[in-house]
Amino acid sequence: MDTTKANNPQKPQIDNNQILPRNDDTEGQNDNEIQVEAIHDYSKRAQWLRAAVLGANDGLLSTSSLMMGVGAVRQDAKTMILTGAAGLVAGACSMAIGEFVSVYSQYDIEVAQLKRQQKANKNGDAYQESEATEKNLPNPLQAAAASAFAFAMGAVVPLLAAAFIKEYRVRLGVVFAAVSLALLVFGGVGAVLGRAPPVKSSLRVLIGGWLAMGITFGLTKLIGLTGLPV
């Protein structure tokens, strides 16, 4: 018997490929994580932009309908512009308060959920993950300010269109044309952000705006013809 082999058995060969992770696999995982983060960030931005477009569209349509309704019974520019300004302020405040309450309710729910997760998972990794998630929660004040600003930007369009025109019929026509163009733009931008057909969505928004302005103008005109003091 060979005593040398018995005392010094051969060591098993170690395959480095089985122990060390391959660089290409690690790089692939990092690329996937970056792609996921990029998609998440894009999704968050798209949601904010879409909400801003909807807020601006709301401000545009509600303010222009108010101005057209008052313009049905009052021909002076001052009354029409004052009505639009009041609609801008009231609408922006309403949007801001509504958005603040809504986002704050969502914030409270998510914070409560995070606290329950922290109690259930008391290890360090789960706690750090919960802290990182809490930092990314929506800010109610920012949401309220963004909503009010978007509404005001939409409401400014009919106000600027009517501000420098004294002749009654021309003023109504310019407001109608400016609002129609803005509705097409807002509808197209909202469709692109929502990945919907832009032409169809723009026409839908435009026709809806025409209906809102037409109904407001017609009903207010009818009220004025009844002899009520207006």
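## Helix packing and core: worked exercises

The axes of α4 and α6 come within 8 Å and cross at roughly 165°. Axes are lines fitted to C-alpha atoms, for helices over the stretch in contact, and angles run from 0 to 180 degrees between N-to-C directions. Helices are DSSP runs (H or I, at least four residues), numbered from the N terminus. The model is predicted: local features need pLDDT of at least 70, side-chain atom pairs count only at pLDDT 80 or more, and totals for chains, interfaces and linings use all residues. Residues are numbered from 1 along each chain, and side-chain values use heavy atoms, without hydrogens and water.

**Exercise 1.** State how α4 and α6 are oriented to each other.

*Solution.* 
- Take the crossing angle, roughly 165°.
- Apply the cut-off: over 145 degrees counts as roughly antiparallel.
- α4 and α6 are therefore roughly antiparallel.
- Sort the contact residues: 21 are nonpolar, four polar and one charged.

**Exercise 2.** Describe the packing of α7 and α8.

*Solution.* 
- Their axes lie 8 Å apart, at an angle of about 145°.
- The crossing of α7 and α8 is right-handed.
- Contact (heavy atoms within 4.5 Å) involves, among others, Phe 176 and Leu 183 of α7 and Trp 210 and Phe 217 of α8.
- The contact residues divide into 13 nonpolar, six polar and no charged.

**Exercise 3.** Find which residues of the largest nonpolar core have the most contacts inside it.

*Solution.* 
- This core has 26 residues.
- Those with the most contacts inside it are Leu 60, Val 175, Val 179 and Phe 186.
- α6 gives the largest share, eight residues.
- Phe 186 touches Val 53, Ala 56, Asn 57, Leu 60 and Gly 154, not counting residues up to four places away in sequence.

Definitions and conventions. A nonpolar core is a set of buried Ala, Val, Leu, Ile, Met, Phe, Trp, Tyr and Cys residues joined through side-chain atoms within 4.5 Å. Buried means under 20% relative accessible area, exposed over 50%, partly exposed in between (1.4 Å probe, protein chains only). Helices (H or I, at least four residues) and strands (E, at least two) are DSSP runs, numbered from the N terminus. Angles under 35 degrees count as roughly parallel, over 145 as roughly antiparallel, 65 to 115 as roughly perpendicular and the rest as oblique. Ala, Val, Leu, Ile, Met, Phe, Trp, Tyr, Cys and Pro count as nonpolar, Asp, Glu, Lys and Arg as charged, and the others, Gly among them, as polar. A crossing is left-handed if the near helix is turned anticlockwise from the far one by less than a right angle, and right-handed if clockwise.
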